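Let's take a friendly tour of a protein model together. Have a look at the picture first, then read on.

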Amino acid sequence: MKFQLAEKTDLEKIIQLYKNAIVKMYEQNIPQWDEVYPDRATLEDDINKNQMFVGEKDGKIAVCFVLNEECDEEYKNGKWICPDSRFCVIHRLCVNPDFQNQGIAGETMKHIEEVCRTQKYDSIRLDCFTKNPYSRRLYDKCGYTVTGYADWRKGRFELREKKL
């Protein structure tokens, strides 16, 4: 798979990918995202800030994710493994439904970890919807430890971290 920064010309494809994923998630009784979030403005801002990445396979976007050092205020609820270290945060990781169950998420996580090591981050943090068994299984398998919880509009999320 080829990973690269998303470009402005990718916006419509990225929006459609998230919409398709939301439909699939609701079919699986995972009400994590909706028409409110992630919205067009958020995704466009991610691209404009050069924080949205895409992974392409067979000429199509197979996965999208955001990497930055930003986190919500609720991240203060985490009992972080590396509390005073330099960390990167993964946001809005989304596998295109056409590419699910093909190891794309695991491959993406390995890529993210390598990028973060290269950029001298000490750890990676993220949040995971407690009602999303697929994400929880992925992050468990990849070695991300639950450090606390945050409650947002859609429910409870695990705060997770992995020391690199």
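**A cysteine to start with**

Cysteine 82 counts as buried, with 10% relative accessibility (buried means under 20% relative accessible area, exposed over 50%, partly exposed in between, using a 1.4 Å probe and protein chains only). Please keep in mind that this is a predicted model, where local features need pLDDT of at least 70, side-chain atom pairs count only at pLDDT 80 or more, and totals for chains, interfaces and linings use all residues. Residues are numbered from 1 along each chain as its sequence is written, and side-chain values use heavy atoms, with hydrogens and water left out.

**Cysteines**

- The structure holds zero disulfides, a disulfide being a pair of cysteine sulfur atoms within 2.5 Å.
- For cysteine 82, the closest cysteine sulfur belongs to cysteine 116 and is 13 Å away, too far for a bond.
- Cysteine 94 is in no disulfide either, and its nearest cysteine sulfur, in cysteine 64, lies 6.3 Å away.
- Cysteine 94 also counts as buried, at 3% relative accessibility.

**Fold**

- You can find four helices and seven strands in the protein; these are DSSP runs numbered from the N terminus (helices: H or I, at least four residues; strands: E, at least two).
- Along the sequence, their order is β-α-α-β-β-β-α-β-α-β-β.

**Size and packing**

- The C-alpha trace spans about 40 × 35 × 30 Å along its principal axes.
- Of the 164 residues, 46% count as buried.
- Among contacts (heavy atoms within 4.5 Å) between residues at least 6 apart in sequence, 70% join residues at least 24 apart.
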